[in-house]
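The following explanation leads the reader through a structure in stages. Please keep the sequence and the coordinates in view while reading.

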Amino acid sequence: MSDIHLQIDGKEVHVTEGMTVLEAAQQARIAIPTLCYHETLEPYGGCRLCIVEVEVNGWSRLVVSCVYPAAAGLIVRTRSAQIDRIRKTLLEMLLAHAPDSPVLQELAAEYGAQRDRFAQEASFCIHCGLCVRYCAEVKQAHAVGFIDRGIRKEISFIPEIAARECHDCKECFPLCPTSYVQAAYVLVEALVALR
Amino acid sequence: MPRLSTVEELTEFRQELVATREANRPCVAICAGAGCLASGASEVIAAFKAELAAQGLEAEIDTRGTGCPGFCERGPVVVLHPEGICYLQVKPDDVPEIVAQSLKGSKVVERLLYADPATGERAIHESDIPFYQHQERTLLSSNILIDSRSIDDYLAIGGYTALVKALFEMGPEAVLEEVKQSTLRGRGGAGFPAGRKWEGSRNAPDTPRYVLVNADEGDPGAFMDRALLEGNPHAVLEGLMIGGFTIGAQEGYIYVRQEYPLAVKNVLHAITQAEAYGLLGQDILGSGFDFTIKVHKGAGAFVCGESTALMTALEGRVGEPRPKYVRSNIKGLWGKPTVLNNVETWANVPHIVNRGADWFTRTGTEHSKGTKIFSLVGKIRNTGLVEVPMGMPLQDIIYDIGGGIPGGKKFKAVQTGGPSGGCLPEEMLHLEVGFDELTAAGSMMGSGGMIVMDEDNCMVDVARYFINFLTEESCGKCLPCREGLRQMHRILTRICEGNGRAGDIDTLEELSEVLTEASLCGLGQSAANPFISTLRYFRAEYEAHIEQKRCPALACKGLISYWIDPEKCKACLICMKRCPSQGIEGGKKQIHVIDQEKCDRCGVCFEVCPEKFSAVVKLSGEPVPESLPMAERTLVRGSGK
């Protein structure tokens, strides 16, 4: 693996090949906001909050840093009026679902996102997929998964697996940015107990 | 059934086929495409077989169910070979007359011929009908010539000669060069040059490599790929095999939507035939080239037409897109080099190999060569599939081929490119169709959907409709698409319902930016187009809805009222009886009045009021006039009231 030199927010960064732009930034202690990223999991590219501008051969475009490979000579900008505007709107759309999430509130303060710009529709889950992916990739238990699609997509514990796997694990709980996974688990636990 | 193991055997077999088929042997070709089948083509085919048998003609005259020639509006379509007499909207009852007049005799059945709507003049041959006259049908013209389920028919018209040429005369490098020279661009939507895509895969060091057919045609109102796959499946197989040979792939997959049962059936049948003939499998025709094709039926997600979602679904996982900063032709199916092209792109390949890049580039605009099939639907006289040279102006497609707008209505917009395409207004009708031309105008080529709209279509409602479609079809993986579409749909719905607010347009524009710039895949990145393009060309309609609570097209239910003009009402009781909400007061000789409280704006009264009265009026943005007092509602004959 060879060394790569790139520039992030004017700072020269040296990383190894195969790293993503997000990992390169983290190594250089440049903060990029994320919601669906976790260092032990495969990059997912779902929340899009880590969007940055990259310039290659004079051409700039917006890319998602958690999945974009770091490449030699790349010029990366992690903040701009457009990036901030997009992040603000993304956060506002999530705040409609989970207005009291501390993680979201913290980011909202940073980007000036309004809590009530979009009609409140408290469903709590923000579809970052951390619980689902952690359970699948790290625990290989597949006790929680996504069901349905689009605006009807939600997480769901599979009762048969959850009854067997979850009680002594619960490692996904602290990963959830809105604590919704705990609620979903309690619900399925109650349902299993009823049977 | 022959198993052909050398080129010589194939050539010999083809010669035998052609020799046993007299060129002038009479044949009744009946379109057996999905559109004509829905209009009763099976019954017509059965009627021809029965009638020919009854008349003792079955040995002399063939009956053939063919692929779709495109004129779906007038199906079932019947063509009599060799004369080429074209009968439209044929019913089983017409069959004895056709057999007696045109097959036993040599007269034409006038009433079944195409009649010019303006002059009433009849056209006997397919080629005389304006719908066909202005087309250039490279891909579709074979459809009516062959039985979709007969490999012999395909071989008899020169099928698989391109494969032979590629395998034995050209070799992969020359084929690749030819396809690159042709500048063939992907017909599935993005318009990426096929040759460059192929080259990337061919040069990728990783193996095995794959070639895929995207037959997950899901755009509302689009059926180009269906017609090709149903009508001439071997052409697609041949193209795919040439592609596989060129990039060094030995496996091909056809990802076809389950909602196309006939296409699935015909293509599976074609694969079985090609395998039996030795045109698929090990050591094809002794060339040393091994190739197999498998069919994968999609499970009904629109997003699986997106390249990475399609590959994820093929791998047996949930059909969600994945980030592709490394192109699929380098790292695609199972992480291997994969060329994915759509049905129409593959169907072009045998023609390019046979006739050469120079022939192909003779047609088209500077950057879009060849022909393109469009499915012409909506408010148009001649609904159907049309294949035209790239560069044909939109107005020629809509008026010369499509026959214009029916019912004396005024053209308003044409929506091209599928749900995430755009709507182009009258002033853009001069636009020449091509990938870059359509994109520059704010729409796109997409896979070739073309929906014509007239003055009765509200463009805000059209945007709402397509955004709703995309909201339903978003996979929900990435936030901008899932939540952005949810919010856009909500705002557009509220505008159509008369609850639009100041600032809504700005919010929609901001959401559009987030969708376009931040979405994971092509679906989300283009999903705001229905809004962006209608705003660009029809901003006044948005403003009328929001500021004046008025729908200029009189289409949005929440913004219109129905009112009966007392001067015109003849108290005929029709609307009263038909109103599902029992919301019309009146009686015999009592002028009818709509109770606005009860009215749910279904429009039945408007539809059923006899045209000579036209007493029911749609209003928008203005108050409904006071109803007549009871005492004045009695209709006095001759008084004009």
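How many residues of domain 1 of chain A are in contact with residues of domain 2 of chain A? In this predicted model, seven residues of domain 1 of chain A are in contact with seven residues of domain 2 of chain A. Classified by residue type, the side of domain 1 of chain A that touches domain 2 of chain A consists of four nonpolar residues, two polar residues and one charged residue. Along chain A, domain 1 covers residues 3-79 and domain 2 covers residues 130-194. A distance of 30 Å separates the C-alpha centres of domain 1 of chain A and domain 2 of chain A.

Chain B may be considered next. Chain B is divided into domain 1 (20-129), domain 2 (159-361), domain 3 (371-454), domain 4 (459-547) and domain 5 (559-632). Between domain 4 of chain B and domain 5 of chain B, the C-alpha centres lie 35 Å apart.

The explanation now turns to the interface of the two chains. Here, 24 residues of chain B are in contact with 21 residues of chain A. On the side of chain B that touches chain A, at least two residues are supplied by each of helix H16 (459-473), helix H17 (479-496) and helix H18 (504-518) of chain B. The helix H17(B) gives the most to this side, with seven residues. By class, the residues of the side of chain B that touches chain A comprise 10 nonpolar, five polar and nine charged.

Definitions and conventions:
Residues are numbered from 1 along each chain as its sequence is written. Chains are lettered from A and ligands numbered from 1 in the order in which they are written. This is a predicted model: local features need pLDDT of at least 70, side-chain atom pairs count only at pLDDT 80 or more; totals for chains, interfaces and linings use all residues. Domain bounds come from an automatic or database domain assignment. Two residues are in contact if their C-beta atoms, placed from the backbone, lie within 7 Å. Ala, Val, Leu, Ile, Met, Phe, Trp, Tyr, Cys and Pro count as nonpolar, Asp, Glu, Lys and Arg as charged, and the others, Gly among them, as polar. Helices (H or I, at least four residues) and strands (E, at least two) are DSSP runs, numbered from the N terminus.
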